[in-house]
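Subject: Structure for you to look over

Dear colleague,

Here is the structure that I promised to hand over, with the sequence alongside. Please open it first, and then read my notes against it.

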Amino acid sequence: MSDSNKILDSLLVISYQSGDKKALELLVKRWNKRLCLQAYRYTKDWDSAKDVVQDTWHTIIKKLILLRDANSFGSWAMTITSRKALDLVKKTAKTKKIEEVRLLENAKTEVSTEDKEKQISQILKIIPELPFEQRMVLKLFYLEEYSLNEISQITNVSLGTVKTRLFRAREKIKSIIKKGKDEKRT
């Protein structure tokens, strides 16, 4: 930037600090395009760059009265723009990452829901193969949602026997499922 431009900017800053509102309008006209280009270098999006520059001007207006070296207006304004653009880029990247994580979690949930449905279907096919006592305990515990104590009272057997039947039924189902998976692999 030429010295005459720097001097003009310096005079406009001093005029604004002295209370001349027109000086700010002239600074905006002189610097807005340059600040937009600077923001665009970071954001690669004109709409985002314009938003960054608008935010930059809000900051400049609030703090211009405090600027001690009027000659440094250009570098000061460019620094503000660059930092705000970088903040936006980081925020956008973080938002994209969060969205990607959400999409992955949703995909995992959908897959796991399908897997659960397959497992339930598999278990329902296996249950008829179990001994009557084990089927009864499974039905009362999982479908009817009775507690182990209640099942003990209903079936008129000890709590230990109910626990054993439930355990053996689960183990039998696990072994049948595992055996089926092993057969598919070979």
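The notes below go through the fold, the salt bridges, the aromatic residues and a surface patch.

Please keep in mind that this is a predicted model, in which local features need pLDDT of at least 70 and side-chain atom pairs count only at pLDDT 80 or more, whereas totals for chains, interfaces and linings use all residues. Residues are numbered from 1 along each chain as its sequence is written, and side-chain values use heavy atoms, with hydrogens and water left out.

Overall fold

The protein chain contains seven helices and zero strands, where helices (H or I, at least four residues) and strands (E, at least two) are DSSP runs numbered from the N terminus. Taken along the principal axes, the C-alpha atoms fill a box of roughly 100 × 40 × 20 Å. Of the 186 residues, 24% are buried, a class that means under 20% relative accessible area, with exposed set at over 50% and partly exposed in between (1.4 Å probe, protein chains only). Lys-62 lies in helix 3 and, at 65% relative accessibility, counts as exposed.

Salt bridges

The structure holds three salt bridges, each being a side-chain nitrogen of Lys or Arg within 4 Å of a carboxyl oxygen of Asp or Glu. In one of them the side chains of Asp-9 and Arg-30 meet at 2.7 Å, N to O. Asp-9 belongs to helix 1 (residues 3-17) and Arg-30 to helix 2 (residues 21-43), so this pair ties together parts that are 21 residues apart in sequence. Asp-9 is buried, with a relative accessible area of 2%, whereas Arg-30 is partly exposed at 23%.

Another salt bridge joins the side chains of Lys-84 and Asp-55 at 3.4 Å, N to O. Because Lys-84 lies in helix 4 and Asp-55 in helix 3 (residues 46-63), the pair ties together parts that are 29 residues apart in sequence. Lys-84 is partly exposed at 22% relative accessibility, and Asp-55 is partly exposed at 37%.

There is also a salt bridge between Glu-171 and Lys-174, with the closest N and O atoms 3.4 Å apart. Both residues lie in helix 7 (residues 159-185), three residues apart, which is about one turn of the helix. Glu-171 counts as partly exposed, at 34% relative accessibility.

Aromatic residues

A search of the whole structure finds four aromatic pairs. Rings of Phe, Tyr and Trp (its six-membered ring) pair if their centres lie within 6.5 Å, and planes under 30 degrees apart count as stacked, over 60 as edge-to-face and the rest as tilted. The rings of Tyr-40 and Trp-46 are stacked, because their centres are 4.1 Å apart and their planes are at 10 degrees. Tyr-40 is partly exposed, with a relative accessible area of 27%, and Trp-46 is partly exposed at 41%.

The rings of Phe-73 and Trp-76 have their centres 6.1 Å apart and their planes at 55 degrees, so this pair is tilted. These two residues are three apart in helix 4 (residues 73-126), a separation of about one helical turn. Phe-73 is buried, with a relative accessible area of 0%. Together with Trp-31, Phe-73 and Trp-76 form one aromatic cluster. The charged end of Arg-34 sits over the ring of Trp-31, 4.0 Å from its centre (the criterion is NZ of Lys or CZ of Arg within 6 Å of the ring centre and within 35 degrees of the ring normal).

Surface patch

Tyr-42, Leu-86 and Val-89 make a nonpolar surface patch of about 210 Å². Patches are made of residues with over 30% relative accessible area and no salt bridge, with like charges joined within 9 Å and nonpolar side chains (Val, Leu, Ile, Met, Phe, Trp, Tyr) within 5 Å; the areas come from the Shrake-Rupley method with a 1.4 Å probe, and for residues only the protein chains shown count as cover. Leu-86 is found in helix 4 and is partly exposed, at 36% relative accessibility.

Best wishes
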